[in-house]
Every structure is written in C-alpha cells, then in structure tokens.
Amino acid sequence: MSDIIQLLPDHVANQIAAGEVVQRPASVVKELLENAIDAGATNIKLLLKDAGKTLIQVIDDGKGMSTTDARMCFERHATSKIQKAEDLFNLCTKGFRGEALASIAAIAHIELKTKQESEELGTCIKIEGSKVISQDFISTGKGTSIAVKNLFYNIPARRNFLKSDTVETRHIIDEFQRVALAHPSIAFLLHHNDNEVYHLKNSNLRKRIVAVFGTKMNEKLVPIDEQTDILTIEGFVAKPEFSKRKRGEQFFFVNDRFIKSSYLNHAVVNAFDGLLEQGSHPSYFLYLTVPATTIDINIHPTKTEIKFDNEKALYAMLRATVKHSLGQYNVAPVLDFNRDANLDTPYHFNSKSVSTKSPKISVDPNFNPFKEEVNTTSSSSTYKPQKQAESWEALYTSVAVETQQNQEELFDNQQEVKTQQTFQIQRKYLLSSIKSGVVLINQSLAHQRILYEDFLESITVKEANSQQLLFPVKISFSSKEIEMIYTIKTELENAGFSFDEFTKDSVTIKGIPVSVTESKITIILEELLNDIDLEVPDASFSHFDVMAKSFAKTLSIKTGTQLSEKEQEGLVNDLFSCKDPSTSPFGKPTFKTLTLNEIDNLFNS
Ligand code: ADP
Ligand code: MG
C-alpha cells in the first residue's frame with residue numbers, strides 16, 4: 001500500500017491551532033493587548049465593534065516592527081521572545097509561543113500597521129485567512145496597530161457558536177480589566193461602538209483599581225504589603241463587610257500576569273476565617289512577585305494557570321499576610337496607607353483644650369411616642385397590597401377565571417365572614433383557615449412570587465407604572481456596570497425606570513417603578529447586575545426573567561417584618577391571584593396546606 005501520511009498545509013495547521021488559541025473575541029483581545037505590553041507600550045487603545053465580532057483593533061505606542069518582522073510575525077512559531085528551551089524557565093514577557101498572530105490571521109481579516117522609531121516609513125500588511133493580500137510602505141507614527149476584522153469569517157460553525165453581544169462584551173471587559181489591573185502604569189482606552197467605556201490614565205495600583213471598579217471601591221480596600229526572600233505580596237483585599245455573593249472581584253497576579261489558582265484563593269479565604277458571612281466571597285487584588293525561575297507558566301494553553309516550585313510556602317505566607325493586614329484593619333478601621341495627608345487632623349486642633357461647654361440638646365415638642373407611624377411610602381418593610389381586590393382580574397385577564405377559582409376553591413367566602421382570617425406566626429409565616437383545613441404561607445416567598453409576576457408583566461407587556469422622582473438621583477457605578485446597565489436600558493425602562501444621563505461612571509435616574517422606594521434604587525440595581533453576572537455561563541437566560549427575579553428577591557418583604565391584619569389579607573389575596581401561586585420564582589414552595597383529615601390524623605396517633 002502507498003504512504004498516506006502527509007504534512008498539513010500551513011494555513012490548515014494554523015486554523016487548527018486557532019481553535020486552541022482563539023475561542024472568542026476576548027481571546028484575541030488578550031493576545032493583542034499582551035503583545036502591545038511586551039512591545040513596551042505606555043499607551044494602549046482598544047477599539048471594538050459589535051462585541052469584537054466585527055472589529056477588534058489594538059493601537060500601541062510600543063517599539064514597532066521592522067518590515068521583515070511585520071511579515072514574519074504571522075508565521076507559526078515566530079517569536080522574538082525566546083530563543084532556546086531554557087528561556088522558557090526565565091520568562092519576563094507575556095507571549096512566548098509565537099502562535100497568536102498566526103492563528104488569528106488564519107481566521108480573520110487583518111490589517112497591520114507598524115513602524116519602528118528609527119525608521120522613516122512604516123509597513124502596512126493586509127491578510128485574509130493566512131493569505132497576504134497587500135504589503136505597502138506607509139507613513140505612520142511609532143508603534144503598532146492591528147485591526148482584526150470579521151473574526152471566524154471562514155469558520156461559520158465557530159461564528160455561530162458565539163454568544164450574544166452582551167456576553168461577548170463582558171468576556172472582553174474581563175480580559176481588559178485583568179490586563180489593566182496588572183499594569184497600572186500603562187494608560188488604557190477602551191471604545192466600544194464609538195462609546196468610551198474606559199479611559200484609564202497611568203497611575204498607581206489603588207487608583208487603577210478604583211478607576212476600573214468605581215469610586216465606591218476606594219473605601220473598601222485594605223492594603224497588603226509583605227516582602228520576604230521568596231516572594232513579594234502587594235495589593236488589597238476588600239474589607240470583610242464588602243464581601244460578595246459572587247466570586248467577581250478576585251484577582252491574583254503573578255509577575256504581572258493574571259492567574260487563576262484555587263489553591264491560593266483558599267489561602268486568602270482562610271485568612272478571612274470567621275469574618276465572612278456564609279456563602280459570601282471576599283474581593284481581592286493581590287500581586288505576587290516571585291523569581292521567574294520558580295514558576296512554570298507553560299502548563300496551560302491560555303496561560304491562566306501556573307505552577308509554583310514552593311506552593312506550600314506561598315500558601316502559608318499569603319494566608320499570614322492577609323490575616324495580619326485584616327487584623328490591623330480591625331484594630332484601626334481607618335488605616336489607609338495611601339491616605340491624603342490633608343485629611344489628617346490639623347495640628348492646632350489636636351492641641352486645643354477640651355471644651356467645657358455642654359452640647360445643646362433640642363427637643364421636638366410635638367414628638368409623641370404613642371402616635372402610630374404613618375406609612376407614607378410604599379416601603380417594602382411592610383406589605384402594601386399590590387392590587388385592589390377588583391383589579392387583579394384586569395391584570396391577568398387570560399387567567400382571571402382560573403385564579404378566581406383558585407381563591408374560591410381554597411377559601412371560605414371571605415367577604416361575608418368578618419372574623420379574623422389570617423394570623424402571623426413568628427413574623428415569618430401566615431396561617432389562614434380554608435375550606436379544607438388550613439394554609440401556611442411563607443410571607444417572604446409569597447411576596448417574591450407576587451412581585452415577580454408583576455415585574456415580568458410590566459417588563460414584557462411594557463405598561464409599567466413609573467413614578468417620577470422630585471430630584472433625579474445620580475448613582476456611581478464602574479464603567480463595566482454602566483456598560484451593562486446600558487445594554488439592558490430598554491428592559492429597565494419597561495420595568496418603570498427612566499434615565500436621564502449616562503456618563504462613563506454614573507447614571508442619573510429620574511423615574512422608578514412604583515413598587516420601588518428611592519432608598520432602594522442603588523441596592524436593586526447592584527443586585528440586578530450581580531444576578532445578571534451570575535447568569536453568564538448559561539446561554540439561555542433572558543434578561544426579562546433575571547430582572548424580574550432579581551427585583552422580586554430584593555424588594556420582597558423579609559422574614560421578621562410584622563404585618564397588619566390588612567396587609568396579611570392583601571398578601572394572601574395577591575398570592576392566590578398569581579398565575580402560579582404555589583412556588584417562588586426560585587422554585588421554593590410558597591405555601592403548604594394541611595387538610596382537616598391531616599390535622600385529625602395528628603391527634604389520632
Ligand atoms: P508571541 O507573543 O508569543 O511571541 P505572537 O504571535 O503574539 O507571538 O507575536 C509574534 C511576534 O510579533 C512577537 O514575538 C513580536 O516580536 C511581534 N509583535 C506582535 N505584536 C507586536 C506589537 N504590538 N508590537 C511589536 N511587535 C509585535
Ligand atoms: Mg503574543
């Protein structure tokens with residue numbers, strides 16, 4: 001038989017390699033940003049169109065490439081960063097495989113412009129699917145610009161596999177944040193569809209973290225700083241009270257490279273021992289510097305995991321350092337190494353003698369502790385019936401008949417019996433007698449169901465009741481959060497929000513859903529962003545549903561809230577007006593019935 005093995009043509013080999021290197025637009029972003037950093041850039045711009053599906057362009061002011069190198073860099077295994085195998089064990093660059101550009105060029109349209117400082121003219125090369133289309137001399141500034149257009153244009157299966165723009169954008173922003181956090185001294189710009197998402201000036205670590213995550217982050221940070229023979233640890237952990245339900249803001253950098261390590265994460269969590277609420281995760285930004293010879297970066301193709309020579313020692317040191325810093329912070333809660341000296345107590349004030357005047361106390365003559373508190377707002381601390389007895393039918397016309405039966409089947413004719421129908425137990429459950437026995441309702445879960453259906457209805461049917469705020473409220477968020485709010489703006493408007501102004505780190509709100517109080521705006525938006533974030537891995541999620549669930553969870557009355565008789569009845573009525581009264585939006589039972597028979601049996605055994 002004749003021989004059948006042959007070498008794959010380069011462009012096919014590159015396409016196959018691309019499968020490993022380039023999973024999605026965010027992978028391209030990572031590779032291009034890292035190349036710009038390796039080239040010594042101090043200013044890096046990232047321009048995106050349509051979540052990177054149409055365009056990913058990185059422009060840097062780094063050292064540029066010669067004309068020959070500009071051509072070479074698209075060859076497989078072409079790298080300027082290592083020469084021999086031993087170099088692998090002493091890496092100080094991000095790249096070293098020499099396969100990123102070759103892989104990207106195999107699956108996209110590329111335009112490279114580059115010039116070295118010493119050269120008069122630069123080079124412009126266009127490539128489509130590994131084929132060079134044109135090469136020209138151009139006049140351009142020092143540095144490199146690489147535009148990657150129409151990613152996966154020749155692999156429809158991969159292109160179709162991409163998620164929604166929202167999801168892909170979030171992956172890109174994650175990569176961008178990691179790189180930006182690892183290099184605070186480099187200025188970064190991120191534009192998406194001509195909107196500025198990030199504009200990060202060169203700065204220090206604390207300022208960079210705050211610039212990325214919003215001004216609220218500043219007060220949360222506890223500094224970490226430790227130097228030993230085998231490692232330096234710098235950075236910040238967030239105070240325990242700011243820990244999160246999701247694992248969002250957890251960053252390890254080793255020698256300026258973002259890495260994932262559940263082992264080191266364990267060390268940090270361990271250091272928080274006893275300070276965290278169950279199920280919450282601490283935020284941290286930790287920068288480890290170790291000798292390059294003691295780590296092996298070569299074990300993962302996308303390089304977010306690395307191997308340490310002396311893992312156990314690192315673990316112990318990290319844990320001790322974080323614990324120590326947290327301890328110091330607990331003793332001195334305002335400890336802030338980077339604090340502004342102007343904020344310190346002025347010296348002359350320190351030396352002032354203690355005042356002998358007693359403070360004036362003013363008394364409100366109208367104060368009457370026995371007067372009933374008037375509930376002026378629809379605060380969710382007590383229950384305000386959602387629907388008038390007659391209006392629920394209008395809300396759910398299609399199911400009105402069914403739900404009326406729901407009510408009638410369950411309850412004795414309420415209108416006629418005027419004795420008390422419901423009882424609150426331990427400020428947690430409502431007990432109500434029904435035809436066949438009794439029903440026990442979990443007040444919080446029941447309210448979640450009511451709010452959920454209400455929000456879902458208004459978000460999808462687009463007839464939300466909105467209340468205009470007397471004074472618009474400006475809330476600051478990180479640019480990533482602003483970007484997210486912007487993408488779900490229409491849904492939020494359907495739910496009853498109305499927006500005034502979007503800036504890159506704040507949003508001004510001028511109207512809110514009627515069921516929301518002003519004091520709750522920030523928390524429900526924060527929770528919503530959290531919840532949307534948690535849903536990312538699941539491609540099938542709909543914003544509507546996540547939003548309605550999130551609002552319902554945040555706004556529902558909680559266990560511990562005392563309800564008046566009227567509120568109790570309102571809650572019961574509203575629950576059984578729901579399309580699906582039996583479960584909470586998260587699938588927990590909202591009520592249980594005990595039939596007379598079951599009650600009888602309790603006494604017959
Ligand atoms: P690697 O980064 O692993 O070396 P790449 O395929 O990403 O492989 O890049 C190949 C080579 O092209 C690099 O080693 C570098 O010499 C050159 N290069 C890539 N991007 C840039 C850039 N932005 N500026 C200067 N040189 C670059
Ligand atoms: Mg590279």
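**Aromatic pairs and their surroundings**

Phe455 counts as buried, because its relative accessibility is 3%; buried means under 20% relative accessible area, exposed over 50%, and partly exposed in between, with a 1.4 Å probe and protein chains only. The model is predicted, so local features need pLDDT of at least 70 and side-chain atom pairs count only at pLDDT 80 or more, while totals for chains, interfaces and linings use all residues. Residues are numbered from 1 along each chain as its sequence is written, chains are lettered from A and ligands numbered from 1 in the order in which they are written, and side-chain values use heavy atoms, with hydrogens and water left out.

Aromatic pairs are rings of Phe, Tyr and Trp (its six-membered ring) with centres within 6.5 Å; planes under 30 degrees apart count as stacked, over 60 as edge-to-face and the rest as tilted. By this rule the structure has 17 aromatic pairs. One of them is tilted: Phe213 and Phe251, with 5.9 Å from centre to centre and 50 degrees between the planes. Phe213 belongs to helix α7 (residues 205-213) and Phe251 to strand β11 (residues 250-254), so this pair ties together parts that are 38 residues apart in sequence. Helices (H or I, at least four residues) and strands (E, at least two) are DSSP runs, numbered from the N terminus. Both Phe213 and Phe251 are buried.

Phe455 takes part in an edge-to-face pair with Phe551, at 5.0 Å centre to centre and 65 degrees between the planes. Here the sequence separation is 96 residues, and the pair ties together helix α13 (residues 443-461), which holds Phe455, and helix α17 (residues 543-555), which holds Phe551. Phe551 has a relative accessible area of 0% and is therefore buried.

Phe213 and Phe251 also belong to an aromatic cluster, which they form together with Phe253, Phe258, Phe285 and Tyr287.

**Charged side chains**

Helix α7 also holds Arg208. Arg208 is buried yet has no salt bridge, and the nearest side chain of opposite charge, that of Asp256, is 11 Å away. A salt bridge is a side-chain nitrogen of Lys or Arg within 4 Å of a carboxyl oxygen of Asp or Glu. With neighbours within four places in sequence left aside, the residues in contact with Arg208 include Leu181, His183, Phe188, Lys201 and Asn202; contact means heavy atoms within 4.5 Å.

Across the whole structure there are 15 salt bridges. Which residue forms a salt bridge with Glu175? The partner is Arg178, and the closest N and O atoms are 3.6 Å apart. Both residues lie in helix α6 (residues 165-182), where a spacing of 3 residues is about one turn of the helix. Glu175 and Arg178 are both buried.

Glu526 and Lys216 meet in a salt bridge with an N to O distance of 2.5 Å. This pair links distant parts of the chain, 310 residues apart: Glu526 is in helix α16 (residues 521-534) and Lys216 in the loop between α7 and β9 (221-227). Glu526 counts as partly exposed because its relative accessibility is 29%, and Lys216 is partly exposed with a relative accessible area of 24%.

Asp545 is partly exposed, with a relative accessible area of 23%, and Lys549 is partly exposed at 24%. Elsewhere, salt bridges that share partners join Glu111, Lys113 and Lys126 into one network.

**The ligand site and the whole chain**

Around ligand 1 there are 18 residues, of which Asn35, Thr79, Ser80, Lys81 and Gly98 come nearest; a residue is near a molecule if one of its heavy atoms lies within 4 Å of it. An oxygen atom of ligand 1 lies 2.8 Å from a polar side-chain atom of Asn35. For Lys81, a side-chain N or O atom is 2.7 Å from an oxygen atom of the ligand. Thr144 has a side-chain N or O atom 3.2 Å from a nitrogen atom of ligand 1.

The protein has 19 helices and 22 strands. Of its 605 residues, 47% are buried. Among contacts between residues at least 6 apart in sequence, 70% join residues at least 24 apart.

Technical notes: Lys, Arg positive; Asp, Glu negative; His and termini not counted. Polar contact = N/O pair within 3.5 Å; in protein donor to acceptor, adjacent residues only side chain to side chain.
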